[in-house]
Amino acid sequence: MSPQDAAKRAAAEAALQYIEPGEVLGVGTGSTVNHFIDLIAERRLQADIPGAVSSSNASTERLHKIGVKVLDLNQTGTLSLYVDGADEANRHLQLIKGGGAALTREKIVAAASRKFVCIVDESKLVGVLGKFPLPVEVIPMARSYVGRELTRLGGRPVFREGVTTDNGNVILDVHGLDIVDPVRLENEINGLAGVVCVGLFARRPADVLIVGSPSGTHVLKAA
Ligand code: 5RP
């Protein structure tokens, strides 16, 4: 296992303690979350989890494989816990997400959860968000229009070739942003016609950020 993978696994392992037996769990997407799902199986915790709401088809498949029932968010109501990774995180627990193209469902599940525990390796922690290109999910016919508007906002949007989201849309990855006011930029991009979702999680940041390294973890909590 690479040092980065060991760090992801350490963060995922530390998130297990947040699982509340008997409560439906929100589960995100990505390689760090894959460790979390695998650890649930390794520790035989499936019996504690009556079901999960999944943020992607990929995670749904992995949950099914370990015997966790996947439920519809419309049937579960508010979730007590959502566990997901991120592409970047700052010290205010604001995030860039969507590297795995699952940002819209991730944002919905995060919004519908009382506690959002984000699990990352230490390379994801940054002072200012924006080095990681900001993913924006867009209705296909609005791609060029939204691209021009994102350029007007100071970014360099790049069409993510060959990717269709689970919702049938496309992704623009916006390079070159220095995101000093994440809430404002999230609101601005959300307001563009044709934008389904922007991968900035600033209005609803994480509540707990578990940062893994090969030698262990440290935890940041919302102020
Ligand atoms: C998927 C995401 C992921 O959480 C993010 O890309 C982090 O992935 P990984 O855990 O593989 O580094 O937002 O849309």
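**Entry 1: burial of Y82 and F116**

I looked up the burial of Y82 and F116 first, and both residues are buried. I took buried as under 20% relative accessible area, exposed as over 50%, and partly exposed as in between, with a 1.4 Å probe and protein chains only. I note that this is a predicted model, in which local features need pLDDT of at least 70 and side-chain atom pairs count only at pLDDT 80 or more, while totals for chains, interfaces and linings use all residues. Residues are numbered from 1 along each chain as its sequence is written, and side-chain values use heavy atoms, with hydrogens and water left out.

**Entry 2: the aromatic pair**

I searched for aromatic pairs and found 1 in the structure. The ring centres of Y82 and F116 lie 5.1 Å apart with the planes at 40°, so I recorded the pair as tilted. The rule covers rings of Phe, Tyr and Trp (its six-membered ring) with centres within 6.5 Å; planes under 30 degrees apart count as stacked, over 60 as edge-to-face and the rest as tilted. Y82 belongs to strand β3 (residues 79-84) and F116 to strand β6 (residues 113-121), so the pair ties together parts 34 residues apart in sequence. I used DSSP runs for helices (H or I, at least four residues) and strands (E, at least two), numbered from the N terminus.

**Entry 3: the sheet around this pair**

I next traced the sheet. It is open, with 6 strands in the order β2-β1-β3-β6-β12-β13 and mixed pairing. Two strands pair if DSSP finds at least two bridges between them. At the edges I found β2 (52-54) and β13 (216-221), each of which pairs on one side only. Neighbouring strands are turned by 20° against each other on average, direction ignored. Axes here are lines fitted to C-alpha atoms, for helices over the stretch in contact, and angles run from 0 to 180 degrees between N-to-C directions.

I then checked β3 against β6: the two pair in the parallel sense over 5 bridges. F116 is the bridge partner of Y82 in β6. Helix α2 packs on the sheet, where it touches β1 (25-27), β3 and β6 (contact: heavy atoms within 4.5 Å), and its direction makes about 140° with that of β1.

**Entry 4: salt bridges**

I counted 12 salt bridges, each a side-chain nitrogen of Lys or Arg within 4 Å of a carboxyl oxygen of Asp or Glu.

Which residue forms a salt bridge with D84 at 2.8 Å? I found K97 there. K97 sits in the loop between β5 (95-96) and α5 (103-111), and D84 in strand β3, 13 residues apart. K97 is buried at 2% relative accessibility, and D84 is buried at 0%. Shared partners join D84, K97 and E106 into one salt-bridge network.

D38 and R62 also meet in a salt bridge, at 3.0 Å from N to O. I placed D38 in helix α2 (residues 31-42) and R62 in helix α3 (residues 57-65), 24 residues apart. Both are partly exposed, D38 at 26% and R62 at 30%.

K65 and E61 meet at 3.8 Å, N to O. They lie 4 residues apart in helix α3, about one helical turn. K65 is exposed at 68%.

**Entry 5: charges over F201**

I returned to K97 and found that it lies over the face of F201, at 5.7 Å from the ring centre. K107 lies over the face of F201 at 5.2 Å. The rule requires NZ of Lys or CZ of Arg within 6 Å of the ring centre and within 35 degrees of the ring normal.
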